[in-house]
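The following account is intended for a reader who meets this structure for the first time. It moves through individual residues, pairs of helices and the overall arrangement in turn.

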Amino acid sequence: MASLPMVCCRGLSSILKIFLIHETSSSLKEKMNGCMTMMKGSSLAAHLYSLLQLCIRRRDVAKGREIHSLIFKCGLLGAFMGTHIIRMYAECGSLLESDYVFFHLPEQSIFSWSSIIAAHAKFGKPEQAIH
């Protein structure tokens, strides 16, 4: 990722700082600090994926939306990342947003289909996932 728009890097730094400020777990703070220092030479997609995982664990849909926005702005919304965004919204209780992401993916994979079906099953609506 040689030339990322500056808004992506600044936005990611801001989100990482927000997580650091509000996080109480020292091991998580260390992980996030490591993420901040390694960000320069590492893959932005990997960092955003890690942040999505953190949102899933914390059930933090607001921060998940911010990360989803960054993924979109940085042009990283593909089948892989989209699948994890679908999962994040479902785990955070937002089936409507899971559906929106699924139907707006550039391509739908077996994994994104599995995620959307699992999301609908979680909310007791598995039949709607295949329509």
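In this predicted model, Ser112 has a relative accessible area of 0% and is therefore buried. The residue belongs to helix H7. Leaving out residues up to four places away in sequence, Ser112 touches Thr83, Ile86, Phe102 and Leu105. Two of these partners, Thr83 and Ile86, are residues of H5 that take part in the meeting of H5 with H7.

Two packed helices are described by the angle between their axes and the distance between the axes. For H5 and helix H7, which spans residues 110-122, the angle is about 10° and the axes are 9 Å apart. Because an angle under 35 degrees counts as roughly parallel, H5 is roughly parallel to H7. On the side of H5, the residues involved are Thr83, Ile86, Ala90 and Glu91, and they meet Phe111, Ser112, Ser115, Ile116, Ala119 and Lys122 of H7.

The protein chain holds eight helices and zero strands, and from the N terminus on its elements run α-α-α-α-α-α-α-α. Of its 131 residues, 45% count as buried. Among the contacts with a separation of 6 or more, 60% join residues 24 or more positions apart.

Helix H5 also packs against H6. H5 covers residues 79-91 and H6 covers residues 95-103; their axes come within 7 Å and cross at roughly 165°. The angle is over 145 degrees, so H5 is roughly antiparallel to H6. The crossing of these two helices is left-handed. H5 contributes Gly82, Ile85, Ile86, Tyr89 and Ala90 to the contact, while H6 contributes Glu97, Ser98, Val101 and Phe102. Six of the residues in this contact are nonpolar, two are polar and one is charged.

Apart from residues up to four places away in sequence, Tyr89 touches Val61, Gly64, Arg65, His68, Ser94, Glu97, Ser98 and Val101. Among these, Glu97, Ser98 and Val101 are H6 residues of the contact with H5.

Tyr89 can also be related to Arg59. The two residues lie 30 residues apart along the chain, and their C-alpha atoms are separated by 8.8 Å. Arg59 is found in the loop between H3 and H4. Its relative accessible area of 46% means that Arg59 is partly exposed. The phi angle of Arg59 is near 55°, a positive value in a residue other than glycine.

A further partner of H5 is H3. The axes of H3 and H5 come within 9 Å and cross at roughly 15°. The two helices are therefore roughly parallel to each other, and H3 passes H5 in a left-handed crossing. From H3, the contact draws on Ala45, Leu48, Tyr49, Leu52, Gln53, Cys55 and Ile56; from H5, it draws on Phe80, Met81, His84, Ile85, Arg87, Met88 and Glu91. These residues divide into 10 nonpolar, two polar and two charged.

Gln53 is one of the H3 residues in this contact. With a relative accessibility of 18%, Gln53 counts as buried. Neighbours within four places in sequence aside, Gln53 is in contact with His84 and Arg87, both of which are H5 residues of the contact with H3.

Which residues have the most contacts inside the largest nonpolar core? They are Leu48, Ile71 and Ile85, in a core of 25 residues. Helix H3 (44-58), helix H4 (61-73), H5 and H6 each supply at least two residues of this core, and H3 gives the most, with eight residues. Ile85 is in contact with Leu52, His68, Ile71, Leu77 and Val101, its neighbours within four places in sequence being left aside. Ile85 also takes part in the contact of H5 with H6 and in the contact of H3 with H5.

Methods
Residues numbered from 1 in each chain as written. Predicted model: local features only at pLDDT ≥ 70, side-chain atom pairs only at ≥ 80, totals over all residues. Heavy atoms only, no water. Axes fitted to C-alpha atoms, helices over the stretch in contact; angles between N-to-C directions. Helix = DSSP H or I, 4+ residues; strand = E, 2+ residues; numbered from the N terminus. Parallel < 35°, antiparallel > 145°, perpendicular 65-115°, else oblique. Left-handed = near helix turned anticlockwise from the far one by under 90°. Contact = heavy atoms within 4.5 Å. Nonpolar A, V, L, I, M, F, W, Y, C, P; charged D, E, K, R; others polar. Core = buried A, V, L, I, M, F, W, Y, C linked by side-chain atoms within 4.5 Å. Buried < 20%, exposed > 50% of the residue type's maximum accessible area, 1.4 Å probe, protein only.
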